[in-house]
Amino acid sequence: MNRQKSFQNEAGPALYLVPTPIGNLKEISPRQREILESVDVIACEDTRNSGPLLHNIDIHKPLIAHHEFNAIQSTKGILQLLEEGKKVAVISDAGYPLISDPGSQLVAETVAAGFPVIPISGSNAALNALVASGLPTSHFLFYGFLDAKSTKRVRELEGLKNFPFTMIFYEAPHRIERMLVDALEVLGDRQMCLARELTKMHEEMLRGTISEVLAACTDLKGEMVVVIEGCPKQTERTLEECVKMAFELVEGGMKPKAAAAKACEESGFSKNEIYQEMMRRKDS
Ligand code: SAM
């Protein structure tokens, strides 16, 4: 068990998880700026991307690289800095670190070593797309990237076919058409939203069925998020429909109890309720 009071020892070492804008630099918040200005070191995915971004927002701090290919080594280095009492911020190229971006192993090891890990709020492409999609938001799944290979992607989609809530995927522009072809084939022609270039000048939402968006998405460029409706609910038969169906089965030669048992499938009623109702109507 690990219990952290984030604001108890603000002078001490800590790992801050700081989101950066997903396109629009105005989305850097006063708190993000304050944290980035206060830390000793900023760990970023690629210093060639984060250097200019930080320069643009007038933050000048030592940068160290923390990406999937040096994660073991750089995690050791970051833990050493924390041991020395330093504060470290982790950022990614855009949006939240750790969301389809590196950092989860670093956070696990920092927690295990007993240092505070403090999340700062900010931009995230998946949530921007979800809230503007027009699809239900009370429950949802963030899946991130599906596999780049169609056979594996189809298998992943098959595993999600019966998932009842809205699903969010990241996708690269050169794969979007093939991904939607697979989604259409496996999931059927559900409602979806393709959110492109969020927060940027060319921000665009394509809302409709998968086949409609597929027809409109040739040559689409830029960064994109795909939000797809969950598995539509099977509509349940009403009592009236169940009883009607049961009587039809009886007319076809089935015994009343067996007909009630058949008619109660995919309904919210029990075999007994349908049978009782059949008997009541027969007697009246
Ligand atoms: N960490 C990021 C976040 O919190 O959203 C996601 C990083 S992931 C490596 C990059 C993917 O996020 C892109 O391929 C795209 O699917 C999505 N993405 C990032 N910025 C976006 C934007 N401005 N508009 C649409 N999608 C975006």
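In the predicted model, a backbone N or O atom of I99 lies 2.9 Å from a nitrogen atom of the ligand, a polar contact being a pair of N or O atoms within 3.5 Å. A backbone N or O atom of A94 likewise lies 3.1 Å from a nitrogen atom of the ligand, and a polar backbone atom of M224 is found 2.6 Å from an oxygen atom of the ligand. Of the 570 Å² of accessible area that the ligand has on its own, the protein covers 90%, as computed by the Shrake-Rupley method with a 1.4 Å probe.

The model is a prediction in which local features need pLDDT of at least 70 and side-chain atom pairs count only at pLDDT 80 or more, whereas totals for chains, interfaces and linings use all residues. Residues are numbered from 1 along each chain as its sequence is written, and side-chain values use heavy atoms, with hydrogens and water left out.

The shell around the ligand comprises 19 residues, of which D101, N124, Y170, L198 and M224 are the closest; a residue is counted as near if one of its heavy atoms lies within 4 Å of the molecule. Strands β7 (166-171) and β10 (224-228) each supply at least two residues of this shell, strands being DSSP runs of E with at least two residues, numbered from the N terminus.

Both of these strands belong to an open sheet of 5 strands with the order β6-β7-β10-β8-β9 and mixed pairing, where two strands pair if DSSP finds at least two bridges between them. The edges are formed by β6 (140-145) and β9 (204-209), each of which pairs on one side only, and neighbouring strands of the sheet are turned by 15° against each other on average, direction ignored, with axes given as lines fitted to C-alpha atoms and angles running from 0 to 180 degrees between N-to-C directions. Strand β8 (residues 191-196) runs antiparallel to β9 and is joined to it by 6 bridges, and R196 stands opposite E204 in β9.

Another open sheet of 5 strands has parallel pairing and the order β3-β2-β4-β1-β5. Its edge strands, β3 (63-65) and β5 (117-119), each pair on one side only, and its neighbouring strands are turned by 25° against each other on average, direction ignored. Within this sheet, 3 bridges join β2 (residues 41-44) to β3, the two running parallel, and C44 stands opposite A65 in β3.

Note on methods
Helices (H or I, at least four residues) and strands (E, at least two) are DSSP runs, numbered from the N terminus. A polar contact is a pair of N or O atoms within 3.5 Å; within protein, one must be able to donate a hydrogen and the other to accept it, and residues adjacent in sequence count only if both atoms are side-chain atoms.
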